[in-house]
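Hi there,

I am passing on the structure we talked about, and I hope you enjoy looking through it.

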Amino acid sequence: MDDKLENKNPTLYNKSVERCTTAEEHNDQVRDLFDEREIFDLIKDIVDPEHPLSLEELRVVEENLIKVDNEKNEINVNFTPTIPHCSMALLIGLSIRVQLLRSLPSRFKVSVKVTPGTHASELDINKQLADKERVAAALENTSLIKVINQCIVPEE
């Protein structure tokens with residue numbers, strides 16, 4: 001199996017410290033705005049399709065690569081593949097997008113892109129991730145959605 005891995009020995013990074021929440025965040029009467037850390041918390045535990053490691057551990061997702069605009073209802077996430085020719089980059093992007101679409105209120109426009117300059121096919125991947133019809137068609141593919149679900153909710 002190791003012969004099929006593109007990045008046999010990825011660099012591992014420390015996980016972030018769990019965020020402390022305030023009483024106000026638990027109050028349903030207060031409008032709680034989303035922030036970059038909250039979005040990061042939603043996607044950091046997605047598992048890489050090739051390794052049993054989280055996107056946070058591989059530093060594919062980072063809090064500083066997330067932008068939230070509550071007034072415009074926009075969330076922009078950049079992700080960084082571990083290698084410039086990663087064939088799993090589109091699958092990783094789809095997994096991030098699906099996790100956010102499942103977790104966030106429908107008022108948000110979610111954009112998921114490869115971090116500029118980090119992948120050889122960055123423009124093609126970004127174009128596919130931005131194409132709503134293509135994403136919808138991908139999510140109707142039972143084999144593909146099964147793989148995405150395994151990344152989002154890994155089997156214990």
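This is a predicted model: local features need pLDDT of at least 70, side-chain atom pairs count only at pLDDT 80 or more; totals for chains, interfaces and linings use all residues.

Helix contact

Helix α1 covers residues 36-43 and helix α2 covers residues 89-103; their axes come within 9 Å and cross at roughly 115°. The crossing of α1 past α2 is right-handed. On the α1 side, the contact is made by Ile 39, Leu 42 and Ile 43, and α2 contributes Ile 96, Gln 99, Leu 100 and Ser 103. Sorted by type, the residues of this contact are 5 nonpolar and 2 polar, with no charged ones.

Aromatic rings

The structure has 1 aromatic pair. The ring centres of Phe 34 and Phe 108 are 5.2 Å apart and the planes stand at 90°, so this pair is edge-to-face. Phe 34 sits in the segment before α1, while Phe 108 belongs to the loop between α2 and β3 (109-114), so the pair ties together parts that are 74 residues apart in sequence.

Cysteines

The count of disulfides comes to 0. Cys 86 is buried at a relative accessible area of 8%, and Cys 151 also counts as buried, at 4% relative accessibility.

Happy to hear your thoughts once you have had a look.

Best wishes

Terms used
Residues are numbered from 1 along each chain as its sequence is written. Side-chain values use heavy atoms; hydrogens and water are left out. Axes are lines fitted to C-alpha atoms, for helices over the stretch in contact, and angles run from 0 to 180 degrees between N-to-C directions. Helices (H or I, at least four residues) and strands (E, at least two) are DSSP runs, numbered from the N terminus. A crossing is left-handed if the near helix is turned anticlockwise from the far one by less than a right angle, and right-handed if clockwise. Contact means heavy atoms within 4.5 Å. Ala, Val, Leu, Ile, Met, Phe, Trp, Tyr, Cys and Pro count as nonpolar, Asp, Glu, Lys and Arg as charged, and the others, Gly among them, as polar. Rings of Phe, Tyr and Trp (its six-membered ring) pair if their centres lie within 6.5 Å; planes under 30 degrees apart count as stacked, over 60 as edge-to-face and the rest as tilted. A disulfide is a pair of cysteine sulfur atoms within 2.5 Å. Buried means under 20% relative accessible area, exposed over 50%, partly exposed in between (1.4 Å probe, protein chains only).
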